[in-house]
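Please look over the sequence and the coordinates shown here before reading the report that follows.

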Amino acid sequence: MIRLRDGVHIDAGRTVVADARSAVGDVNFVSHAHADHTFRTTPRTVLCSAETAALVRARTGAKFESTESVPGIDLLPAGHVVGSRAALIDADRRYLYTGDFSTRDRLFLDGFSPVPADVLVMETTYGDPRYRFPPQAELEAEICDWLADRDDPLFLFGYSLGRAQKLQHLARRATNRPVVVADSIREVNEAIEAVSDVSFDAEPFEADALSGDEIVVLPSNLARREWVTDLVSRVGGVKVGFSGWAVTDSYRYRGGYDATFPLSDHCDFDELVSVVEAVNPDTVYTHHGFAEEFAAHLQKSGYDARPLKRDQTSLSEFA
């Protein structure tokens, strides 16, 4: 049985609890180090990559033992952020839990490679046909060309773990301008550098010390802060947002951005469909984002697909 409660609970001879805040199962899996997928109350042992464990500790101070090896469960690179993993559970059936994932190779990350499974539990953040992204190489080239053509102060916004690191690499590819980052991003940079061969050439962000030549990388949640808006205005800067949501114009206005690009760490709609086809499961469970819409699309294509509903107690609730 698959249940969405505090995290996703997969009952397959033993209970695997994935990406929960505090729920504890026989196995406790964390797919990656984003805050909405990690524990607040930490179990004694967590199944996750060494990179995810280091990032969680750096970002939250959580103390726990981590392991990448549990009998009957294989961890697969998920291509979402550094350290992200999908879990393949071999029990009475083969269960594939993706966590957040992307099949695209992006800068220093390799994309997720689907494997066959009987049951697929997948995130469907962009499970709507409106969300189709440009080819990755073309998108990166477009971003680099845009950055290279600008000589005004640039403020680039992306998640502290994920897009912020890719924006630093793209800025460095496109220009020799100084790159400065917020403390929360710098802490993530340092944690990644400590556990991988990925490195970043960025200086700490100090608002009062800006010369105007810098490319500033800030967390997305600061985009609408009054002090940020005032700073950008004072130095004659440009605010640029990066997200898959940028496919629609509403993202630009919600963030108060001057420009946006659909740079994402998730699959787009077509890539989600391709993953289902490659896994070829008997049953698909969808969650996050357009879960109901994507499940309905799969049903029309002949799949047994069901959106996960929080706190369901029986499969009849999917009827």
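Is Gln136 buried or exposed? Gln136 counts as buried, because its relative accessibility is 11%, where buried means under 20% relative accessible area, exposed over 50% and partly exposed in between, with a 1.4 Å probe and protein chains only. This is a predicted model, in which local features need pLDDT of at least 70 and side-chain atom pairs count only at pLDDT 80 or more, while totals for chains, interfaces and linings use all residues. Residues are numbered from 1 along each chain as its sequence is written, and side-chain values use heavy atoms, with hydrogens and water left out.

Gln136 belongs to helix α2, which covers residues 136–149 (helices being DSSP runs of H or I with at least four residues, numbered from the N terminus). Leaving aside residues up to four places away in sequence, Gln136 touches Arg104, Asp105, Arg106 and Leu263, a contact being heavy atoms within 4.5 Å.

| Residue | Relative accessibility |
|---|---|
| Cys48 | 1% |
| Cys144 | 8% |

A disulfide is a covalent bond between the sulfur atoms of two cysteines. Searching the whole structure gives zero disulfides, with a pair of cysteine sulfur atoms within 2.5 Å as the criterion.

Which residues line the largest cavity? Its lining consists of Val30, Thr38, Phe39, Thr42, Val46, Val56, Ala62 and Phe64, where lining residues have an atom within 4 Å of a point on a 1 Å grid over the protein atoms alone, and a cavity is a set of such points where a 1.4 Å probe fits but cannot get out.

Methods. Helices (H or I, at least four residues) and strands (E, at least two) are DSSP runs, numbered from the N terminus. On a 1 Å grid over the protein atoms alone, a cavity is a set of points where a 1.4 Å probe fits but cannot get out, and a pocket is an open set with protein on both sides within 12 Å along at least five of seven lines; lining residues have an atom within 4 Å of a point.
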